[in-house]
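Work through the exercises below with the sequence and the predicted model side by side. Each task is followed by a solution that goes step by step.

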Amino acid sequence: DDGYCQGMNFLAAKLILSENDAKVAFIVLSFMLKQRHLKILYDSGSSCLMDYMNVFQKRLRRYNRRVYNHLKKIEFQPLCFTIEWFTTCFIVSCPGDLSSCVFDLIIAGFEDIMMDVGLAVLGVLEK
């Protein structure tokens, strides 16, 4: 089922604004969803998004124990921000250059770029 899911509108809007051509934007969005496997993050019948966020939390614990411990101490789950980050490719929280770079890297085929960017954002915010 290739229907709309929450978050896709941000991807489509960014592509339409950057391409100025709805047809090209649709082609790029389809490519990102199918060839770069973003579609699995929007599959309501799958646990892929939750699995991806759990992996992020484990990587946060491994690579930035200080932030992980702080979030745990204040009982703040990374799910509260990662769901938005990953379903909108950072467009909502970082609408400018960062989300454009994330798009470019996804299209170029970099794996786990959203996870890496998320860890980097938390590292920068820690300082």
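**Exercise 1.** Work out why the sulfur of Cys89 is too far from the closest cysteine sulfur for a bond.

Solution. Begin with the closest cysteine sulfur to that of Cys89, which belongs to Cys94 and lies 12 Å away. A disulfide requires two cysteine sulfur atoms within 2.5 Å, so the separation of 12 Å is too far for a bond. Next, consider Cys80, for which the nearest cysteine sulfur is again that of Cys94, at 17 Å, and which is in no disulfide. The count for the structure is accordingly zero disulfides.

**Exercise 2.** Find which side chains meet in salt bridges, and state where in the chain the partners lie.

Solution. As background, side chains of opposite charge can pair when their charged atoms come close. A search of the whole structure returns two salt bridges, and these can be taken in turn.

- In one of them, the side chains of Asp112 and Arg59 meet with an N to O distance of 3.5 Å. Asp112 sits in the loop between helix H6 (97-108) and helix H7 (113-126), whereas Arg59 belongs to helix H3 (residues 48-63), so that the pair links distant parts of the chain, 53 residues apart. Asp112 counts as partly exposed at 31% relative accessibility, and Arg59 likewise counts as partly exposed, at 26%.
- Arg66 forms a salt bridge with Glu126, and their closest N and O atoms are 3.2 Å apart. Because Arg66 lies in helix H4 (residues 65-73) and Glu126 in helix H7, this pair ties together parts that are 60 residues apart in sequence. Arg66 is exposed, with a relative accessible area of 62%, while Glu126, at 29%, is partly exposed.

**Exercise 3.** Describe how helix H2 (residues 22-34) and H6 pack, giving the angle and the distance between their axes, and name the residues that meet.

Solution. Start from the geometry: H2 and H6 pack with their axes 10 Å apart and at an angle of about 65 degrees. Angles of 65 to 115 degrees count as roughly perpendicular, and H2 is therefore roughly perpendicular to H6. Finally, turn to the residues in contact, where Val28, Phe31 and Met32 on the H2 side meet Phe103, Ile106 and Ile107 on the H6 side.

Definitions and conventions. Residues are numbered from 1 along each chain as its sequence is written. This is a predicted model: local features need pLDDT of at least 70, side-chain atom pairs count only at pLDDT 80 or more; totals for chains, interfaces and linings use all residues. Side-chain values use heavy atoms; hydrogens and water are left out. A salt bridge is a side-chain nitrogen of Lys or Arg within 4 Å of a carboxyl oxygen of Asp or Glu. Helices (H or I, at least four residues) and strands (E, at least two) are DSSP runs, numbered from the N terminus. Buried means under 20% relative accessible area, exposed over 50%, partly exposed in between (1.4 Å probe, protein chains only). Axes are lines fitted to C-alpha atoms, for helices over the stretch in contact, and angles run from 0 to 180 degrees between N-to-C directions. Angles under 35 degrees count as roughly parallel, over 145 as roughly antiparallel, 65 to 115 as roughly perpendicular and the rest as oblique. Contact means heavy atoms within 4.5 Å.
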